[in-house]
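Here is a short briefing on one protein model. Keep the sequence and the 3D view open as you read.

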Amino acid sequence: MGSNALEYAEAFRALRANWHRRLLEDVGSLETATSALSAPGDHAETLKQMGAVAHRLAGSGAAFDAPEVSSYAREIEAILRATSSGDATLAHPAHSAFSGT
């Protein structure tokens, strides 16, 4: 392997490690947000943030060859869209995709 290939491989390992760290943070933020939704009040901002995180996970999962991450994130996006349009509630069975319940 030439030096350019080694540099590329090392850069990709660093990107993947950073993605993995961010993945864990994002899953944690989704779990926290899911718990916060059980409290009374206006959850519009929480739902918006959850949508942004889910969207980022859907794309980055595809980019880093993690189809399960993308699949779960797309489910969350769909549930949030349906919830915001009044077609579903957060009690949907797939809402547990990241919460482990």
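Among contacts in the protein chain between residues at least 6 apart in sequence, 47% join residues at least 24 apart. Contact means heavy atoms within 4.5 Å. The model is predicted: local features need pLDDT of at least 70, side-chain atom pairs count only at pLDDT 80 or more, and totals for chains, interfaces and linings use all residues. Residues are numbered from 1 along each chain as its sequence is written, and side-chain values use heavy atoms, with hydrogens and water left out.

**Overall make-up**

- The protein chain has three helices and zero strands.
- Its elements run α-α-α from the N terminus on.
- Helices (H or I, at least four residues) and strands (E, at least two) are DSSP runs, numbered from the N terminus.
- Of the 101 residues, 28% count as buried.
- Buried means under 20% relative accessible area, exposed means over 50%, and partly exposed lies in between (1.4 Å probe, protein chains only).

**Helices α1 and α2**

- Two packed helices are described by the angle between their axes and the distance between the axes.
- Helix α1 covers residues 3-36 and helix α2 covers residues 44-63; their axes come within 10 Å and cross at roughly 150°.
- Axes are lines fitted to C-alpha atoms, for helices over the stretch in contact, and angles run from 0 to 180 degrees between N-to-C directions.
- α1 and α2 are therefore roughly antiparallel to each other.
- Angles under 35 degrees count as roughly parallel, over 145 as roughly antiparallel, 65 to 115 as roughly perpendicular and the rest as oblique.
- On the α1 side, the contact includes W19, R22, L23 and D26; on the α2 side, it includes M50, V53, R56 and L57.
- The residues of this contact divide into seven nonpolar, five polar and three charged.
- Ala, Val, Leu, Ile, Met, Phe, Trp, Tyr, Cys and Pro count as nonpolar, Asp, Glu, Lys and Arg as charged, and the others, Gly among them, as polar.

**D26, a residue of α1**

- D26 lies in helix α1.
- Its relative accessibility is 5%, so D26 counts as buried.
- Leaving aside neighbours within four places in sequence, D26 is in contact with V53, R56 and L57.

**H43, between α1 and α2**

- H43 sits in the loop between α1 and α2.
- H43 is buried, with a relative accessible area of 19%.
- Not counting residues up to four places away in sequence, H43 touches A36 and L37.
- H43 and A33 are 10 residues apart in sequence, and their C-alpha atoms are 9.4 Å apart in space.

**Helices α2 and α3**

- Helix α3 covers residues 67-84; α2 and α3 pack at an angle of about 150°, with their axes 7 Å apart.
- That makes α2 roughly antiparallel to α3.
- Among the α2 residues that meet α3 are L47, G51, A54 and A58; among their α3 counterparts are P67, V69, A73 and L80.
- By class, this contact has 11 nonpolar, four polar and two charged residues.

**D65, between α2 and α3**

- D65 is found in the loop between α2 and α3.
- Is D65 buried or exposed? At 66% relative accessibility, D65 counts as exposed.
- D65 has a positive phi of about 55°, although D65 is not a glycine.
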